Amino acid sequence: MDRAQLLLMTGIALFAIGLAGVIVRRNALVMLMCMELMLNGVILTLVTFAQQTATIAGAVLVLLIFVVAASEIGIAIPIVLLLSRQRRSLDVETYGELKG
Amino acid sequence: MNGGTLLTVLFCAGALTGGVLMLIARHPMRVALALIGAMLSLAGVYATLGVHVIAVFQVLIYVGAVMVFMVYVIMLLDVRDPSFLHRYGGTLLPGVAVAALLAAGLAAAVSGGGAAVALDAGADGGAAFLVQPFSAGFLREYWLHFELTSVLLLAAVVAAVAVIRGGRRNDG
Amino acid sequence: MNLLTLIVLLPLAGFLLNGIVGPRAGRSFVSVVGCGLPILAFLAAVRCFLQLQGSDAAALLETAYTWASIGGTSFDIGFYFDRLSAVMTLIVTGVGSLIHVYSIGYMKDDASYARYFAYLNLFLFFMLLLVLGRSLLTTFVGWEGVGLASYLLIGFWFEDPEKAAAGKKAFITNRVGDAGFLLGMFLLYHTLGTLDMDRINEAFNSPVLPAVSASLVGVLLFIGAMGKSAQIPLHVWLPDAMAGPTPVSALIHAATMVTAGVYLVARLNGIYAHAPEASQLITVLGAATAFFAATVAIVQTDIKKVLAYSTLSQLGFMFVALGVGAYGVAVFHLYTHAFFKACLFLGAGSVIHAMSGEQDIRRMGGLARKIPVTFVTFAVATAAIAGIPPLAGFFSKDEILWFAFSSETGGSTLLWLVMSFTALMTAFYMFRLLWVTFLTPSRMTHEAEHHVHESPFSMTGVLVVLAILSAIGGFISIPHFLEPLLPLARAQESLEHYEKPLIVLSVLLAAAGLAGAAFVYRGGLARADALAARWPRLHRLLSGKYYVDELYDAVLNRPLNWISDRVFLGLGDRFLIDGTLNGLAATAQRAAGRLSRVETGNLQFYVALAVIGIVACLGWVLRHG
């Protein structure tokens, strides 16, 4: 296995671990952090491919993704904050309005 | 295996370890620390690839801003609720199985080669990704995208304030 | 020159006008339209008749409308006016108009006055289609239409469930007969390729006979005639049909509709002349009907029921004439019967009107002085039906008896004996009716007696006209008039010298009937009741009309009801159809219940499901990518 394939496999593994974390863990904040892990996995694959080209376009895209990730977490956390304040709990199992 | 590849492997292992620790740790703070570790390892990976700018920004933005924010929030909130005692919900087994399936599928796609993944083993962007050429090229050709992201950030700030304000009004 | 079409369309216009505008337009409008249009139709018929006499042609032809053009053949609504149609049309429109005028007085107080005249005009329209139709198809349309009109008019007072049931019975029994009619039509079309009645007759009269059994076709068409003209075994609807208004009974069930079967057989004489088995069947059934109906009429106590059974009996006479090949004579009897039977029914209507609705003759009596015009006309008509010369009935009935005795195709002494005995009974029960209703001492309730009054002129005038026609109508010899069309039956040479004695004998029989009735019923019902007590079982059998209705009920109604209830309703409808639908609905509900378990409200579960979907798509793309 050469370096590129190794990196891709790592990216896939990170993505899968993050996904597992989103599905499995009950704490809302932990879920958010696992989503960040997923995003990192994807960024790793993007960097792998970008590095193989001669232009910097892929790397610029990664930079912009960082900005988006930051703004995303900047809004997601206040939302979780409000939710937890209303429910007095961070446990996602208690957020059951979608039932039925 | 030369030194460069060894480093890459080490850093990849570090990232994976961090990921697995995230799944296992009980206290959210420990989860955050594991994530920080994984992110730093990834920065190392980027560095071994020669994409120094990205490595730096990974540390600066991701670890330095996003994870710090995360840590602050964990500090503020009372995390000792039922999700602390019971880490996993009913979806433990299905979740793990599904993730494993996905990973297997993607891995099959990647290793199968052919048209699915156009990998060029030896290609290397080379010196274009050093700090100075990168910065020059970035600000020369992609300055508009850069400005647009600042608009995005502004929108995010406004949204965050709106969320908190609205929440406060409901609470009061 | 579309005079024939005009004859048919005038009553239709009356139906539409009275039906649509009538209820709001007032009685005078309805009366004028309802009676005026049939009278106009009658005048048009007279004009056509004169035209026919003036020309050399055998018939007037008119095609009104092409109904359908299928493949190479076209089916037209065409009208055919030869001598036979002329006789029928003049009777239908003439007697029909008289009865319309009578109805003005009779139905004066009825709330559905406009509807009545609308239906009556509708009936005339269909009847004229029937008798003027050139092809069997047109005739069949009229055939069905008069059945419909009969249903509507019998059940005219439909709020009474019994009367509505009587209407249904008539329609359904007719439909049984119509099945035979249709089969006959199909067979004819299949072999001959045409349904035009004149061409059918030509085909059967030609030297090369068509490749179909004339008897089979004859029997099938006769089954239709059985239904419409109430021969045994499809006679059960006619007595019940008396539930309708009396003018309806006069028009439809005496003068015109019930004679449609006779018309059909007479018109298609080409078939029956070459169908000895069918003709024999007609003779036997006709004689049976005549005989049995007469026996039942002797014990009936409702004035209209007596006349109904009398109609059955006289129709039997007509069919006997047809069966022995005397087609013109049958039409002659049809013609005279129209006059005196209509007069009798309308007279009965007048009596019922005078008695404020009473129909039971045991509660009548002594009406001769109170309602003289009705009495005299009724007496004349009774004498006509009994066969007293020189009234109309004598001529026609006597010819039937002669051909029953002597015809080469089916006449026999036995037949003559049966028919003569029936004629004797006819005279007896008709004069019984006359005596019990009019001439015996009164058995009326005091109140009824007080209210007895003669009918208005619109009713009595018609009675007088019909009585006069019953008296003198016999002098127009219809059989000779129709001879070019309907060849006279041939009487056996050896029996020629019996003709005069037989005439004398039939007159004696009529007189005997009169005398017998006068004797038994002279002082009242006492002697009759004693006779009934002497033979109670016979009396019960006759009063029960030979229990034919009960037989049909047990053999047909009850099994059919059982099948409808158990098989079709219980099994088919409830179990199969409702069960299937309910089962489908229940299945859908259960499936929905099971499927809704997916919505647990657990976000992570939803994510897992989404990822499963993604994995599946990925796998598919990889496989087929």
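The exercises below, each with a worked solution, concern a predicted model.

Residues are numbered from 1 along each chain as its sequence is written, while chains are lettered from A and ligands numbered from 1 in the order in which they are written. In this predicted model local features need pLDDT of at least 70 and side-chain atom pairs count only at pLDDT 80 or more, whereas totals for chains, interfaces and linings use all residues.

**Exercise 1. Describe chain C as a whole: how many helices and strands are there in chain C?**

Chain C has 27 helices and 2 strands, where helices (H or I, at least four residues) and strands (E, at least two) are DSSP runs numbered from the N terminus. Along the principal axes, the C-alpha atoms of chain C fill a box of roughly 115 × 70 × 55 Å. Of the 625 residues in chain C, 50% are buried; a residue is buried if 20 or more other C-beta atoms, placed from the backbone, lie within 10 Å of its own, exposed if 12 or fewer, and partly exposed in between.

**Exercise 2. In which sense do strand 1 and strand 2 of chain C pair, parallel or antiparallel?**

Strand 1 (residues 60-70) of chain C and strand 2 (residues 73-81) of chain C pair in the antiparallel sense over 9 bridges, pairing being assigned if DSSP finds at least two bridges between two strands. Within this pair, C:Tyr65 stands opposite C:Ile77 in strand 2 of chain C. The two strands form a hairpin with 2 residues between them, and C:Gly71 in the turn has a positive phi of about 65°.

**Exercise 3. At what angle do helix 1 and helix 5 of chain C pack?**

Two packed helices are described by the angle between their axes and the distance between the axes. Axes are lines fitted to C-alpha atoms, for helices over the stretch in contact, and angles run from 0 to 180 degrees between N-to-C directions. Helix 1 (residues 3-20) of chain C and helix 5 (residues 113-132) of chain C pack at about 160°, with their axes 7 Å apart. Helix 1 of chain C is therefore roughly antiparallel to helix 5 of chain C, since angles over 145 degrees count as roughly antiparallel, under 35 as roughly parallel, 65 to 115 as roughly perpendicular and the rest as oblique. The residues of this contact divide into 15 nonpolar, 4 polar and no charged, with Ala, Val, Leu, Ile, Met, Phe, Trp, Tyr, Cys and Pro counted as nonpolar, Asp, Glu, Lys and Arg as charged, and the others, Gly among them, as polar.

**Exercise 4. Which residues does C:Val146 touch, not counting residues up to four places away in sequence?**

C:Val146 is found in helix 6 (residues 136-154) of chain C. Because C:Val146 has 26 C-beta neighbours inside 10 Å, C:Val146 counts as buried. Two residues are in contact if their C-beta atoms, placed from the backbone, lie within 7 Å; with residues up to four places away in sequence left out, C:Val146 touches C:Phe123, C:Phe126, C:Met127, C:Leu130, C:Met257 and C:Ala260.

**Exercise 5. How many residues do chain A and chain B give to their contact?**

The contact takes 60 residues from chain A and 77 residues from chain B. Helix 3 of chain A gives the most to the side of chain A that touches chain B, with 21 residues. By class, that side of chain A holds 40 nonpolar, 12 polar and 8 charged residues.
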